[in-house]
Amino acid sequence: MKFTIRLLFTFILFTCFQNQLKAQTIGKSIKASIGYGSSASYYIEDYGSQDEIDVMGGGLYLQGEYIIGIKSWFSVRPYAGAIFESVDKDQNIQNQPQYKVTTNAFLLGSKIRLCAPIPWVAPFIEGGIGTSIGKFETFTPNVNFNKSDVLLHIPFSIGLAVGRHNNFEIEISGYFHPAAKQSTSVFALGYNFPLD
């Protein structure tokens with residue numbers, strides 16, 4: 001009951017004061033991001049003694065977004081980016097074949113952002129759909145996927161927009177590739193360049 005009253009009170013405050021709250025720019029801007037991406041298989045099965053095998057790949061992540069700010073708390077974000085990953089060539093654990101998970105691909109898609117309209121530090125959440133064009137490798141004890149292809153991916157992000165005008169961003173993102181049975185986790189820093 002107390003939670004419901006708090007939620008209702010928060011909703012009323014948000015509705016009454018949404019014109020004064022500006023967590024992101026209404027209008028158009030461009031965001032550039034750079035970070036580190038790490039891919040891993042999300043195929044879950046009992047590997048027995050193999051469950052300790054480190055099969056992750058990692059590397060550079062770059063992305064640009066064209067931001068269409070519709071409200072101070074809602075925006076649409078078409079994006080283009082790239083992930084370039086590799087693994088240690090000397091990886092050979094317990095005389096097993098070289099298990100690895102890597103993504104080397106260009107990313108295209110669109111996502112939406114819901115942002116708490118709070119000055120200086122504004123938390124946000126994003127989700128959408130996109131396509132990845134490149135090479136995907138998922139070699140684990142139970143998955144053998146090695147293709148250069150065009151695959152569907154599902155992006156998801158959480159983060160903080162910080163600064164006086166919320167131009168700087170710190171985010172953690174995930175790109176899920178169901179066909180390759182892998183996901184890429186990203187830690188990135190970004191900056192928004194207003195166009196209006």
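Which charged end sits over the ring of Tyr 79?

1. Before you start. This is a predicted model, in which local features need pLDDT of at least 70 and side-chain atom pairs count only at pLDDT 80 or more, while totals for chains, interfaces and linings use all residues. Residues are numbered from 1 along each chain as its sequence is written, and side-chain values use heavy atoms, with hydrogens and water left out.

2. Charges over rings. The charged end belongs to Lys 111, and it lies 5.2 Å from the centre of the Tyr 79 ring. Arg 113 lies over the face of Phe 124, at 3.6 Å from the ring centre. (A charge sits over a ring if NZ of Lys or CZ of Arg is within 6 Å of the ring centre and within 35 degrees of the ring normal.)

3. In the order 1-2-3-4-5-6-7-8, 8 strands close into a barrel with antiparallel pairing. Neighbouring strands of this sheet are turned by 20 degrees against each other on average, direction ignored; the axes are lines fitted to C-alpha atoms, and angles run from 0 to 180 degrees between N-to-C directions. Strands here are DSSP runs of E with at least two residues, numbered from the N terminus, and two of them pair if DSSP finds at least two bridges between them.

4. One pairing in detail. Strand 5 (residues 120-139) is joined to strand 6 by 18 bridges, and the two run antiparallel. As an example, Gly 130 has His 153 in strand 6 as its bridge partner.

5. Ser 157. This residue belongs to strand 6 (residues 144-163) and is buried, with a relative accessible area of 1%. (Buried means under 20% relative accessible area, exposed over 50%, partly exposed in between, with a 1.4 Å probe and protein chains only.) The side chain of Ser 157 makes polar contacts with the side chains of Glu 171 at 3.5 Å and Ser 173 at 2.7 Å. Contact means heavy atoms within 4.5 Å.

6. Thr 184. Look for Thr 184 in strand 8 (residues 182-194), where it is buried at 0% relative accessible area. A polar contact of 2.7 Å links its side chain to that of Ser 39. Beyond four places in sequence, Thr 184 also touches other residues, among them Ser 173 and Tyr 175.

7. Aromatic pairs. How many aromatic pairs does a search of the whole structure find? There are 5. Tyr 61 and Tyr 175 form a tilted one, 6.1 Å centre to centre with 45 degrees between the planes. Tyr 61 lies in strand 2 and Tyr 175 in strand 7 (residues 168-177), so this pair ties together parts 114 residues apart in sequence. Tyr 61 is buried at 1%. (Rings of Phe, Tyr and Trp, its six-membered ring, pair if their centres lie within 6.5 Å; planes under 30 degrees apart count as stacked, over 60 as edge-to-face and the rest as tilted.) Phe 168, Tyr 191 and Phe 193 form one aromatic cluster.

Notes: Helices (H or I, at least four residues) and strands (E, at least two) are DSSP runs, numbered from the N terminus. A polar contact is a pair of N or O atoms within 3.5 Å; within protein, one must be able to donate a hydrogen and the other to accept it, and residues adjacent in sequence count only if both atoms are side-chain atoms.
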